[in-house]
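Biologist: Please take a close look at one part of this predicted model, the place where its two chains meet. Which residues and helices take part there, and how are they arranged?

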Amino acid sequence: MSEGRADVVLEAVDLVKHFPVKHGLFQPARHVHALDGVSFALKRGETLAIVGESGCGKTTLAKCLMRLDEPTGGRVVLLGDDITHLGQGALRGLRRRMQIVFQDPYASLNPRWSIGSIVGDPIRLHEKVPAAERRRRVAELLETVGLDPGYADRHPHELSGGQRQRVAIARALAVNPSVIICDEPVSALDVSIQAQVINLLKRLQAKLGIAYLFISHNLALVEHISDRIAVMYLGQVVELADTRSMRRELLHPYSKALFSAAPVADPDASARRTRIILSGDVPSPVDPPSGCRFRTRCPWKQPRCAAESPALRAVGDRLVRCHFAGEPGFPAPLA
Amino acid sequence: MSAVLEVEELAVRFRTTRGTVNAVDGLSFRVGEGETVALVGESGSGKSTAALALLRLIADPPGRIAAGRILFEGRDILGLREDELREVRGGRIAMIFQDPMMALNPVYTIERQVGEVLALHAGMGREARAKEVVELLRLVGVPAPEERAKQYPHNLSGGMRQRVMIAMALACKPKLLIADEPTTALDVTVQAQVLDLIQSLKDRFGMAVLLITHDLGVVAETAHRVIVMYAGRKVEEGTTAQIFKDPRHPYTKGLLEAAKWEEVDGAMLREIPGAVPSPFDMPRGCAFSPRCGVAVPRCRESVPPLVEVAPGRPVACFVAQEGPS
């Protein structure tokens, strides 16, 4: 993709993260291949979704980007600066530009702090402003996320899940970031509350031009909120394209299976749809399969898939990691 | 269709230091032979409490089944003696839970756990049990069942554990399977496998399924009939097609829009404002009225009863009862 570099706010270049696995004295060292060569460029004001199942590396990716985990290889570039090897002091300054909202608003807010201290803390850390000014800003932030400024004196346990997630968003906004990583931000919330939080994120993006890296396993939600979608499997991106083209057609066999397996709240649509039921489980990331990592579950696998690992290559308007994607007649309909 | 299960006016209360909570209030429904009925609702709707109450699994205290009848194959579960109840549990009625890791005992092998059901309910000897366990594991699609039978729960993936739970549930060919969020802890591709499995086993053994879930996608794909619950009460019931194509209760409508991520206003989603009320601070009148876009003054004064707005379509909403939407 040939977007202007100036437009890119966050870039991952060939990110690798391996975790060592405990091993015996005379056993060879082994590693969990959590991320293996993940690259993407997030543009200003854009929402890029990362989808995949547990163990695909999406949360490790978020942690490596935030430098909460040290990447084993590759680079993280934030607003033109390589932050891969920055020390903690320099990192703190850069974290103003990139914030994260976690899945569980019950775990991510300190229960002993008032809402005002939670939201005001990033301001206290990053800017030297008088307490009165900070209080004014906190009140403003709470209003921005749709909470009464009076909540500043309350504590997390007095709030519902949806309200807590609003507080987490207000805290992320406090330092005017260019990028917010949203790691499953509504998965822990009730269905009827999720739309409130998603609408809030959209409104904030329209108003403030923030880019979101939106990590989720909810495919219907991802189709709604994102401009582009990256599908991950066992530590690698297997397909990346515009949401519009993804809606039209999926090229990687895993993307096809993943999207076809997601239940839709529409009995007619689900009756019409052909579900691809994959056999088996996701293989262990300690010993990922040779060649294509999806081949052990792929209904269309060929001998070549075990021998040679496919590169992420351009097919039409997208990137796909499959030897055969884009070839006429592939994949053949399943019996 | 003759009913396998008939629940009448079930009420479950919990006594807490902050007061008494009506977790389930006046819930009635029936499950026909071989039918899949979905009990749908969000957290606090009472759906899981209702499911536990069916097998008298509510811890007492603090909980208590305060009223109602639970007729299973014509007998009232609430009137059974402990030993009779044990025969029904895991025998004629089986239950699977959301988290198979919590439901399986970590220190026993799969063979021993699945076999225990057979020993208790079928009185099988050791060798017959070992054979039957392998057969059951094969039936639910566990690869290499002879080896798996000797392993422990931690050796298995989440999807495999849920299959083991299903094998255990099926061991005695139950008439009714209660499945409480059976796939919520699983990834979508594994969820599809497990739903597929439940469906094919149901067809094979003619078992009825009571599915407890918050996921309307799963409901659309599996259920014949749907019961929507809100704050401990049934607010609407209908066939799956009726509920999804012609929802009558404003809460059901909102829930469906939310589940489909339907864009209404430009790129925005329609929101249900507010949150599920706290059980300690229930609003007067209809529990949904503070969040409802069409509520009239009457909704805030008295609780709307369930009234059939069409044959087989009870709805607890004054506005829906007054006229077609």
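Modeller: Two residues are said to be in contact if their C-beta atoms, placed from the backbone, lie within 7 Å. By that criterion, 32 residues of chain A are in contact with 38 residues of chain B. On the side of chain A that touches chain B, at least two residues each come from helix 6 (191-208), helix 7 (219-225), helix 9 (253-261) and helix 10 (267-272) of chain A. Helix 6 of chain A gives the most to this side, namely nine residues. Sorted by class, the side of chain A that touches chain B holds 16 nonpolar, 10 polar and six charged residues.

The model is predicted, and its scores are ipTM 0.81 and pTM 0.87. For chain B the mean pLDDT is 90, and 99% of the residues of chain B reach 70 or more. Among the elements of chain B, the highest mean pLDDT, 97, belongs to strand 10 (residues 233-239) of chain B, and the lowest, 75, to strand 11 (residues 263-265) of chain B.

The crossing of helix 6 of chain A and helix 11 of chain B is left-handed. From helix 6 of chain A, the contact is made by A:Val191, A:Ser192, A:Gln194 and A:Ala195, and from helix 11 of chain B by B:Gly254, B:Leu255, B:Ala258 and B:Ala259. By class, this contact of helix 6 of chain A with helix 11 of chain B has five nonpolar and three polar residues, and no charged residues.

The second pair consists of helix 9 of chain A and helix 8 (residues 188-205) of chain B, whose axes come within 8 Å and cross at roughly 55°. Helix 9 of chain A is therefore oblique to helix 8 of chain B. The crossing of helix 9 of chain A and helix 8 of chain B is left-handed. In this pair, A:Ala257, A:Leu258 and A:Ala261 of helix 9 of chain A meet B:Val188, B:Thr189, B:Gln191 and B:Ala192 of helix 8 of chain B. The contact of helix 9 of chain A with helix 8 of chain B has five nonpolar, two polar and no charged residues.

Some features of the individual chains complete the picture. Helix 1 (residues 58-65) of chain A is mostly covered, with six of its eight residues buried. The buried residues in helix 1 of chain A are A:Lys58, A:Thr60, A:Leu61, A:Ala62, A:Cys64 and A:Leu65. After helix 1 of chain A comes A:Arg67, which has a positive phi near 60°.

The backbone also deserves attention, with one general point in mind. Most residues other than glycine have a negative phi, and most peptide bonds are trans. A:Asn176 is not a glycine, yet its phi is positive, about 50°. This residue, A:Asn176, lies in the loop between helix 5 (161-173) and strand 7 (179-183) of chain A. A:Asn176 counts as exposed because it has 12 C-beta neighbours inside 10 Å. In chain B, B:Ala231 is likewise not a glycine and has a positive phi of about 50°. The loop between strand 9 (225-230) and strand 10 of chain B is the place of B:Ala231. B:Ala231 has 23 C-beta neighbours inside 10 Å and therefore counts as buried.

Cis peptide bonds are the last topic. One joins A:Phe330 and A:Pro331, with omega about -10°, and A:Pro331 is found in the segment after strand 12 (318-320) of chain A. Another cis peptide bond runs from B:Asp60 to B:Pro61, with omega near -5°. B:Pro61 is found in the loop between helix 1 (47-54) and strand 4 (63-72) of chain B. Strand 4 of chain B is also the place of B:Arg64, and B:Arg64 counts as partly exposed because it has 17 C-beta neighbours inside 10 Å.

Methods. Residues are numbered from 1 along each chain as its sequence is written. Chains are lettered from A and ligands numbered from 1 in the order in which they are written. This is a predicted model: local features need pLDDT of at least 70, side-chain atom pairs count only at pLDDT 80 or more; totals for chains, interfaces and linings use all residues. pLDDT is the predictor's confidence in each residue, from 0 to 100. Helices (H or I, at least four residues) and strands (E, at least two) are DSSP runs, numbered from the N terminus. Ala, Val, Leu, Ile, Met, Phe, Trp, Tyr, Cys and Pro count as nonpolar, Asp, Glu, Lys and Arg as charged, and the others, Gly among them, as polar. A residue is buried if 20 or more other C-beta atoms lie within 10 Å of its own, exposed if 12 or fewer, and partly exposed in between; C-beta atoms are placed from the backbone. A crossing is left-handed if the near helix is turned anticlockwise from the far one by less than a right angle, and right-handed if clockwise. Axes are lines fitted to C-alpha atoms, for helices over the stretch in contact, and angles run from 0 to 180 degrees between N-to-C directions. Angles under 35 degrees count as roughly parallel, over 145 as roughly antiparallel, 65 to 115 as roughly perpendicular and the rest as oblique.
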